[in-house]
Amino acid sequence: MTSFERRRLGRTPVEVTVLGLGCATLGGSRIGVTRGEAEAIVRAAWVAGLRYVDTAPFYGVGQAERAVGDALREVPRDDWVLSTKVGRLLRPLAETPASSERRYPLPFDVVYDYSYDGIMRSFDDSLQRLGLARIDILYVHDIGAYHHGAQAHPGLMRVLRDSGYRALEELRRAGTVRAIGIGVNEREVLLEALEWGDWDAFLLAGRYTLLEQAPLDDLLPKCVERGVSIVVGGPLNSGILAGRDTWNYAAAPPEIAARAKALRAVCERHGVPLPAAALQFPLAHPAVAAIIPGPRNVVEFETNLNLLSQPIPPALWAELRAAKLLHPDAPTPA
């Protein structure tokens, strides 16, 4: 078992291992993953020493939460940190859609609800699916223009600010959860939320990676100033930094593929696998508490584990910066 560094989440007493387990893939909605395979990934993570697991109702419309709870119910609950998400309620499906980009491992579909009642209901439902008595971190899931469109976003954000946020604060104040935040794929909504909320952590997927570093211009400095931690989801940018051709859950456009190719060429000159550099890079920033890649199977999990400890010479980071493949202000691993 590896002894992972632990980092404090914001100003809370919660400490997470720098490598956590992202469970989006465990749901089997985009790539087929059986319930048994999902539980095997969670157990492998536990045996390896990971003590932070992130899941959500949306992942497999319930399957990922069930797999996490069933795999870890017997281990000491105080030894690990669990985050899940609110903003979607699951409703029974009379009929599974015949053709869809997403699989439906369980017969449910989602209804968005960022209100006080919706968040309280989502929290209680997650406890039931997990079969656990405690959730440590609660993220508001996929709010923002990136997911809902520019026209719908202001109204949904108003519901969260005026109604749903009160539920989050009540749960945190009572000690029912130990940290609150937002989990999204865009930095813009996080900058907006910082203007009116007292947040502990943001789960930002795919936007602060070896491929993309725009948050260094605004979000990350503000998080450091406010004492808000960042958990980096999708550090491999949906696969493009792991040798696949996907980015943002779809085929990578030519300019993204070209940038990934340039990154890979530099890494190869230094004898370093590209995904090793990609996994290690985000952890150099002081705002980042953890990365949570989402493995599709146990072999992929074990590969990520090894890549995280791969030695990387300082010259690699220097060449990336000289080639303007790194933001000028991007900190790099020592």
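Two strands are taken to pair if DSSP finds at least two bridges between them, and the strands themselves are DSSP runs of E with at least two residues, while helices are runs of H or I with at least four, numbered from the N terminus. With that in hand, Gly181 stands opposite Ala201 in β10, and four bridges join β9 to strand β10, residues 201-205, the two running parallel. From β9 the chain passes through helix α6, residues 188-194, to β10 in a right-handed β-α-β crossover, where right-handed says that, with the strands pointing away from the viewer, the path from the first strand over the helix to the second runs clockwise.

Before I go on, a word on the source. This is a predicted model, in which local features need pLDDT of at least 70 and side-chain atom pairs count only at pLDDT 80 or more, whereas totals for chains, interfaces and linings use all residues. Residues are numbered from 1 along each chain as its sequence is written, and side-chain values use heavy atoms, with hydrogens and water left out.

Let me stay with β9. On its other pairing, strand β8, residues 137-141, and β9 are parallel over five bridges, with Leu138 opposite Ile180.

Stepping back, the open sheet has eight strands in the order β3-β4-β5-β8-β9-β10-β11-β14, with parallel pairing. β3 (21-22) and β14 (288-292) stand at the edges, each with a single partner strand, so one side of each has no neighbour in the sheet. The pairing of β3 with strand β4, residues 52-54, is parallel over two bridges, and Leu21 has Val53 as its bridge partner in β4.

Finally, the helices. The axes of α2 (residues 63-72) and α3 (residues 116-130) come within 7 Å and cross at roughly 50°, the axes being lines fitted to C-alpha atoms over the stretch in contact, with angles from 0 to 180 degrees between N-to-C directions. The contact (heavy atoms within 4.5 Å) is made by Glu65, Arg66, Val68, Gly69 and Asp70 of α2 and Ser126, Arg129 and Leu130 of α3.
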